[in-house]
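Me: Hi! I have a protein model open and I'd like to go through some of its side chains with you. Could you help me read it?

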Amino acid sequence: MTLVVINWIGLLLATGLGVLVGIRLRDHLQATEGIDDDDGHAGVLTDALAYVSGVLGIMLGLMLFFSVQVYEEARQSAREEAVTMAEVFENASFFPDPQASALRRDMICLMRSVVSDSWSAVERGDVTGNRNTAAWVARVRDEVQSLPADTEAEKAAQALTLETFQESQSNRQHRLLSSTTGLPLIVWLVIDLGVFVFAALMVVSLPHRPRTAQILIGACLLFTMGVIAALSMFATPFTHIGVSVRPVDVNAALSRLQDVYPDADWQPCPRLVSADEG
């Protein structure tokens with residue numbers, strides 16, 4: 001929310017400054033060149049206004065597209081992370097007990113830690129993740145590597161399970177890194193500059209219709225603020241404003257697995273790392 005408010009303040013300041021500069025420029029042109037709505041200046045100013053508004057509109061559209069892509073990639077990573085973790089859980093069926101039960105239990109605790117601990121870390125923008133989740137990752141990896149591989153089928157199943165687990169961790173890392181994605185400062189400055197020039201040209205192009213200029217500037221400002229809000233929300237996909245990537249897929253996978261495997265150990269999980277440390 002802070003990013004949205006800061007960008008809105010920047011837009012308001014740029015618009016206000018553009019209006020003030022436009023008024024001074026309009027008065028100067030009227031005194032030196034006698035501009036009027038009906039003379040040739042109107043056409044020149046309209047062309048300049050169309051150019052600025054067109055470039056600004058194209059830039060906002062491209063930035064919105066980029067931000068939506070960031071959001072979609074983060075959501076896809078979270079979805080694939082949930083799918084691959086569920087696959088590791090189900091791959092335990094290839095192995096005998098007690099190893100299969102131990103792997104299922106550890107995967108349950110890892111997925112729960114992802115929902116609570118790891119997601120809290122990513123919402124804070126902490127790319128290092130969470131220590132409790134990392135501890136469960138290490139435990140599951142050791143569990144997979146220690147699975148029996150006495151037969152060719154078990155060797156293939158172990159290799160598949162390890163590969164799937166590594167894929168889930170790759171998706172987790174991609175999700176963590178997505179929390180730091182953002183648009184460069186220069187993008188916001190160029191947008192503010194475009195709004196500033198647009199407001200100034202609007203005031204100059206309508207010297208005898210200030211109320212019309214105010215309405216048009218206000219309407220364009222309101223629309224731009226909405227686009228900027230969407231940009232900020234999509235570019236930060238793990239915030240709790242507007243659109244946000246939540247651990248819905250992981251929770252759904254846990255619910256499905258509990259329904260399919262009711263005999264697994266679904267008791268509350270211990271913390272491998274204390275809350276203060278993790």
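Me: Which residues does D106 touch, leaving out those up to four places away in sequence?
Reply: D106 touches W136, R139, V140 and E143. Keep in mind that this is a predicted model.

Me: What joins the side chains of D106 and R139?
Reply: A polar contact of 3.4 Å joins them.

Me: And is D106 buried or exposed?
Reply: D106 is buried, because its relative accessibility is 2% and the cut-off for buried is under 20%. D106 sits in helix α3, which covers residues 99–123.

Me: OK, salt bridges next. How many are there?
Reply: The count comes to eight salt bridges. One of them is between the side chains of R256 and E90, at 3.4 Å from N to O. R256 is in helix α8 and E90 in helix α2, so this pair ties together parts 166 residues apart in sequence.

Me: How exposed are R256 and E90?
Reply: R256 is partly exposed at 38% relative accessibility, and E90 is partly exposed too, at 26%.

Me: What about R105, which residue does it form a salt bridge with?
Reply: R105 forms one with D265, and their closest N and O atoms are 3.6 Å apart. This pair also links distant parts of the chain, with R105 in helix α3 and D265 in the segment after α8, 160 residues apart. R105 is buried, with a relative accessible area of 16%, while D265 is partly exposed at 37%.

Me: How far apart in helix α5 are K155 and E152?
Reply: They are three residues apart, which means about one helical turn separates them. K155 and E152 form a salt bridge as well, with the closest N and O atoms 3.9 Å apart.

Me: Switching to rings! How many aromatic pairs are there?
Reply: There are four aromatic pairs by count. In one of them, the ring centres of Y71 and F234 are 5.5 Å apart and the planes are at 70°, so the pair is edge-to-face. Y71 belongs to helix α2 and F234 to helix α7, 163 residues apart.

Me: Is Y71 buried or exposed?
Reply: Y71 is buried, with a relative accessible area of 10%.

Me: Last one: which residues form the nonpolar patch on the surface?
Reply: L17, L20, V21 and I23 form it, with about 320 Å² of accessible area together. L20 lies in helix α1, residues 2–32, and is exposed, with a relative accessible area of 54%.

Conventions
Residues numbered from 1 in each chain as written. Predicted model: local features only at pLDDT ≥ 70, side-chain atom pairs only at ≥ 80, totals over all residues. Heavy atoms only, no water. Helix = DSSP H or I, 4+ residues; strand = E, 2+ residues; numbered from the N terminus. Buried < 20%, exposed > 50% of the residue type's maximum accessible area, 1.4 Å probe, protein only. Polar contact = N/O pair within 3.5 Å; in protein donor to acceptor, adjacent residues only side chain to side chain. Contact = heavy atoms within 4.5 Å. Patch = residues over 30% accessible without salt bridge, like charges linked within 9 Å, V, L, I, M, F, W, Y side chains within 5 Å. Areas by Shrake-Rupley, 256 points an atom, 1.4 Å probe, with all protein chains shown as cover. Salt bridge = Lys/Arg side-chain N within 4 Å of Asp/Glu carboxyl O. Phe/Tyr/Trp six-rings, centres within 6.5 Å; stacked < 30°, edge-to-face > 60°.
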